[in-house]
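Here's a quick, friendly tour for anyone meeting this structure for the first time. Have a look at it, then read on.

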Amino acid sequence: GLVLTHRTLRMSQRDQGAGTSAAPQGPTVAEKLTALRTVVRNEENRDVIKKLVLYSFAMVLVPVLIFFAVYFGLEVASSMDMHTRLIFAGVASVVAVNGVIASYVVSAWSEDTGAEASAKQKSS
């Protein structure tokens with residue numbers, strides 16, 4: 001029988017693919033990182049990236065802080081049992097995260113784009 005080693009199999013595959021074009025491959029990790037660095041270094045993108053990072057932290061921190069503030073605040077202020085306090089704290093944190101999302105949407109919606117800013121400058 002025919003025994004193919006790993007090396008001969010690779011050579012055979014390479015020789016078969018020599019006459020045909022190889023399937024296009026996507027960008028490498030290094031190319032992706034270079035593109036990301038280019039985007040981040042662009043002066044026009046800095047405000048957008050800052051806003052994205054700020055709201056990303058807010059999406060994590062605000063609901064957690066609200067949860068614990070409501071949970072322990074109700075513990076001190078009332079005689080509710082633990083399960084009721086957990087429900088109120090959970091609902092408050094869901095409302096808080098929706099508030100963060102809504103404020104991000106309003107902030108992004110009211111942001112000037114480059115075309116709008118240049119049109120305002122031309123008209124004045």
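Which helix do the buried residues of α4 pack against? They pack against α3 (46-77).

## Before we start

What you're looking at is a predicted model, where local features need pLDDT of at least 70 and side-chain atom pairs count only at pLDDT 80 or more, while totals for chains, interfaces and linings use all residues. Residues are numbered from 1 along each chain as its sequence is written, and side-chain values use heavy atoms, with hydrogens and water left out.

Let's begin with α4, which covers residues 82-109. Helices here are DSSP runs (H or I, at least four residues), numbered from the N terminus. With 28 residues, α4 reaches 40 Å from its first C-alpha to its last, close to the expected 40 Å; the expected span is 1.5 Å times one less than the number of residues.

The buried residues in α4 are Arg 85, Ala 89, Ser 93, Ala 96, Val 97, Val 100 and Ser 107. Buried means under 20% relative accessible area, exposed over 50%, and partly exposed in between (1.4 Å probe, protein chains only).

## A nonpolar patch

Leu 52, Val 53, Phe 57, Met 59, Val 60, Leu 61, Leu 65, Ile 101, Tyr 104 and Val 105 make a nonpolar surface patch of about 920 Å². The elements giving two or more residues to this patch are α3 and α4, and the largest share, 7 residues, comes from α3. Patch members have over 30% relative accessible area and no salt bridge, with nonpolar side chains (Val, Leu, Ile, Met, Phe, Trp, Tyr) joined within 5 Å. One of them, Met 59, lies in α3 and is partly exposed at 34%.

## Three salt bridges

How many salt bridges are there? The count comes to 3, taking a salt bridge as a side-chain nitrogen of Lys or Arg within 4 Å of a carboxyl oxygen of Asp or Glu. Arg 46 and Glu 43 form one of them at 3.3 Å, N to O; Arg 46 is partly exposed at 36%, and Glu 43 is exposed at 56%.

Glu 111 and Lys 51 meet at 2.8 Å. Glu 111 sits in the loop between α4 and α5 (114-123) and Lys 51 in α3, so this pair ties together parts that are 60 residues apart in sequence. Lys 51 is buried at 18%, while Glu 111 is partly exposed at 33%.

Glu 75 and Arg 85 also pair up, at 3.4 Å. This bridge links Glu 75 in α3 with Arg 85 in α4, 10 residues apart. Glu 75 is partly exposed at 40%, whereas Arg 85 is buried at 8%.

Definitions and conventions:
Contact = heavy atoms within 4.5 Å. Patch = residues over 30% accessible without salt bridge, like charges linked within 9 Å, V, L, I, M, F, W, Y side chains within 5 Å. Areas by Shrake-Rupley, 256 points an atom, 1.4 Å probe, with all protein chains shown as cover.
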